[in-house]
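Good morning, and thank you for the time on today's agenda.

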Amino acid sequence: MARRRNPVVQAITTTSTLLFIRLSGILPLSLNRRLALLTGRVLGRLVPRVRQVALENLDRAYGDSLTTAEKETICRGAVDNIALVAAEFSHILRMPGGELGTRVHVLGYENVDPDQGYLCIGAHLGNWELAGPFMAQKGLKVAEVVRPFDDPRMDRAIDRVRSSCNVVTIPKDNAGKEIIQRLKDGYKVGVLIDQSPRDSAVPVTFFGAPCWATIAPVMIAVRAKVPILPLSVTRNEDYSYNLRFYPPIEMERTKDLRGDLVRNSQRCQDVIESIVRAYPTQWLWLHRRWKERPRLMEEWNKKVSRESRS
């Protein structure tokens, strides 16, 4: 059941966000970043739960392999990264060109066939919002699967930025048919797979701990007969960016369809984990990735029980 949002809080949040987008679009990007980092660090102190969730996740992922001080450093980096994503968002409207569009290094492009459709998987890491615009700058046909915002004003404002660089946005609900058609038309369709899904999931491990993963990338790639291509956009110390394409994931195909689904979903999560391990301060540790999903577990156990009896 969808959680009802307080309309007053939602209106205030939307209005504040729209004002922020307009103001940050006027200010120089360097000033935006400084103000965002300051604001993020203040809010981090005023909302201690953010830090608590991040540190709990870091404990689960790294255990005793990192010191408390090292985990605190990653936590601060994660908060800073979110602030920088917000600061840079409105400046997507200035691409191509502008500081964002001219300070990108493309790595691993040999893994991409410009004419081939790919189901591109990524994470909330670095500045994930720049992946589509950067790819479009290379002349690739790009689409992104997005979750629409509840407030129509917010949705229109965010979508205006995301689609400003010839990037097609696809609302995630009932998106399968359009995604498959775009893939067949040679689009690179991006989806972020690092968060805890509410449905259509299989059990996997992430950083060695059990959690759930969406089955959508594997199912769509199989139906559309396209490769799954991992990618990331990471930020360098000088505020340049690396758009990196990794080798396509080798899919396992046997007569055990459900087993293939689990194993291939795990392969996708393993690649995302390796990217997060390489850039831990730039990932969204504030999200409850390992959240328990009793309904998913109950449904999964029923499916396994039915199959064992058949």
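This is a predicted model: local features need pLDDT of at least 70, side-chain atom pairs count only at pLDDT 80 or more; totals for chains, interfaces and linings use all residues.

As background, nonpolar side chains in soluble globular proteins tend to be buried together.

What is Leu119 in contact with, leaving aside its neighbours within four places in sequence? Its contacts include Ile179, Leu183, Val189 and Val191, and also Pro217, Ile220 and Val226. Pro227, Ile228 and Leu229 complete that set.

I turn now to strand 8, which spans residues 228–235. How many of its 8 residues are buried? The count is 8 of 8. Cover is found on both faces: one side carries Ile228, Pro230, Ser232 and Thr234, while the other carries Leu229, Leu231, Val233 and Arg235.

Strand 8 has a parallel partner in strand 2, residues 118–122, with 3 bridges joining the two. Within strand 8, Pro230 is the residue opposite Ile121. Strand 8 also pairs with strand 9, residues 241–245, in the antiparallel sense and over 5 bridges. Here Leu231 has Phe245 of strand 9 as its bridge partner. The hairpin formed by strand 8 and strand 9 has 5 residues between the strands, and Tyr239 in this hairpin takes a positive phi near 65°.

Most residues other than glycine have a negative phi. Asn166 has a positive phi near 65° and sits in the loop between helix 7 (152–162) and strand 4 (167–171). Is Asn166 buried or exposed? Asn166 counts as exposed, because its relative accessibility is 70% and the cut-off is over 50%. Ser200, also not a glycine, has a positive phi of about 50°. Ser200 belongs to the loop between strand 5 (188–192) and strand 6 (201–206), and with 47% relative accessibility it counts as partly exposed.

Finally, the surface. Leu38, Val42, Leu43, Leu46 and Val47 make a nonpolar patch of about 460 Å². Val42 lies in helix 2, residues 29–46, and is partly exposed at a relative accessible area of 41%.

Definitions and conventions:
Residues are numbered from 1 along each chain as its sequence is written. Side-chain values use heavy atoms; hydrogens and water are left out. Patches are made of residues with over 30% relative accessible area and no salt bridge: like charges are joined within 9 Å, nonpolar side chains (Val, Leu, Ile, Met, Phe, Trp, Tyr) within 5 Å. Accessible areas come from the Shrake-Rupley method with a 1.4 Å probe; for residues, only the protein chains shown count as cover. A salt bridge is a side-chain nitrogen of Lys or Arg within 4 Å of a carboxyl oxygen of Asp or Glu. Helices (H or I, at least four residues) and strands (E, at least two) are DSSP runs, numbered from the N terminus. Buried means under 20% relative accessible area, exposed over 50%, partly exposed in between (1.4 Å probe, protein chains only). Contact means heavy atoms within 4.5 Å. Two strands pair if DSSP finds at least two bridges between them.
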